[in-house]
Amino acid sequence: MEESINKSTLNPDGSEFIVVSNRLPVDRVPLDESDDGWRRSPGGLVTALAPVMATRDGAWVGWHGAPDEELAPFHHEGMDLLPVALSADEVELFYEGFSNSTLWPLYHDVIAPPEFHRTWWDAYRTVNRRFAQAAADAAAPNATVWVQDYQLQLVPRFLRQLRPDLRIGFFNHIPFPPPEIFAQLPWRREIISGLLDADLIGFQRASDSANFLRSARRFVGAGVKAGQVQFKDQDGNVAHISRAAPFPISIDASQIQELAVRPDVIARSRQIREDLGNPKTILLGVDRLDYTKGITHRLKAYGELLTEESLKVEDASLIQVASPSRERVESYRLLREEVDGMVGRINGQFDTLLNTAVRYLHHSYPVEEMVALYLAADVMLVTSLRDGMNLVAKEYVAARGDNTGALVLSEFTGAADQLKSALLINPHDIDGLKAAIMRAVNMSPAESGRRMRAMRRQVITHDVQRWSEEFLTTLQHEAVQQ
Ligand code: G6P
């Protein structure tokens, strides 16, 4: 497939600013729902970067989500989109395999056992090279290229080889593991050197950045001083200097705030409460159906609270939104069976003809419906076993304009570094989790108001716009210094 890269870009002079991510920021929709069959994906990243795209002649390189399909570059809502094709084999080996069955579990504390296969690694290299080539073809001289996430860690290296003139940034949206775990990866040196060809490598938490620097020292002998990494080639000459630092990502806070005061969204949130029989307390979980999210831990705690009658099904209801994800990957299939089974057992035991203990919704919803759910929920449960950031926690906080509601938040999320007034929990400690849920359910309005105000201040002043500006300004500065 290497030869079939479409070299044409929409901008003959090349783009000044290029984002490279595994997925393009658009989803296919039926033609009667949009003019060109595409709709901008929900999510903060594209919202933050779209204005930068517009002012800097930007382009976005990414996969459009279907196997075995070559698409020409196209323009959508002010952005040039440059699709990268993946064959069905590559989807299996690069996306489901190396990205989501090797790197994803390895970088999330090996909650599921990572698998190491040389054929997957070969596909990862090939596909990363293709993304790099697409960016190299589209970039104007001295352009800035911002590469996103764990699926593309070799892109900085390939891109640097193809286009030494570029300013290259990389941001890892998921955790970076400690070297003791990263050491398992047979290709650990290649991954570290791949990243080190970026001028700036961003992470969610200070601990992720520190983990990366320790691995850079240990596995490629990089010299590290104050976050700066000197990488020497085989002859001992300094090949490249880059910088690693935390840049915690956030949400489009004003979009969530605006939706939270829209009359139709407020009406919908009331409807949700009514449909559930106006219980005293609505608890809410919103996750991709992923084993990193601690959904089974949450259900276990909730089930025990019902068994012990600390909560009664007449008074409390848990809404669990679990959006379908990576469904062809075995560990995700197993998780779905486990969650389906747990929900069935809890509901079988506690439901009445009028009340349901767990409303389990295996769907994705538009952002308006999500905000209505945030408004309807008295308690938000985020119980991840490991999570790069967790934007749902921040969205819940942004939606609670009247400073009511309580957030139970796992300390293993990036968000826990910023939302210090949440009820922080260790999801493995089921008794601790149960106690925190009960504390949230019974919290006085004064205490929840105080906590929510502090969290809202943080989220509203640190939105995704600020995140992208800080990263890009630092990238500019780093490159100038060299
Ligand atoms: C996480 C990753 C993203 C990824 C998303 C959805 O948030 O950090 O890179 O796009 O999950 O997963 P998917 O495999 O559907 O792209």
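This is a predicted model: local features need pLDDT of at least 70, side-chain atom pairs count only at pLDDT 80 or more; totals for chains, interfaces and linings use all residues.
A salt bridge here is a side-chain nitrogen of Lys or Arg within 4 Å of a carboxyl oxygen of Asp or Glu. Arg328 and Glu96 make such a pair, with their closest N and O atoms 2.6 Å apart. Residues are numbered from 1 along each chain as its sequence is written, and side-chain values use heavy atoms, leaving out hydrogens and water.

Step back to the whole protein chain, and you will find domain 1 (15-249 + 465-481) and domain 2 (253-462), with bounds from an automatic or database domain assignment. Taken over C-alpha atoms, the centres of domain 1 and domain 2 lie 30 Å apart. Domain 1 brings 20 residues to the contact and domain 2 brings 24, contact meaning heavy atoms within 4.5 Å.

How much area is buried between domain 1 and domain 2? About 1,800 Å², with carbon and sulfur atoms giving 54%; this is the accessible area (1.4 Å probe) that two parts lose on being put together, summed over both. On the domain 1 side, Trp104, Ile111 and Arg205 lose the most area to domain 2, together 33% of what that side buries.

Back to the charged pairs: three salt bridges are counted between domain 1 and domain 2. Helix H2 (residues 88-107) supplies seven residues, the largest share of the side of domain 1 that touches domain 2; helices are DSSP runs (H or I, at least four residues), numbered from the N terminus.

Conventions: Helices (H or I, at least four residues) and strands (E, at least two) are DSSP runs, numbered from the N terminus.
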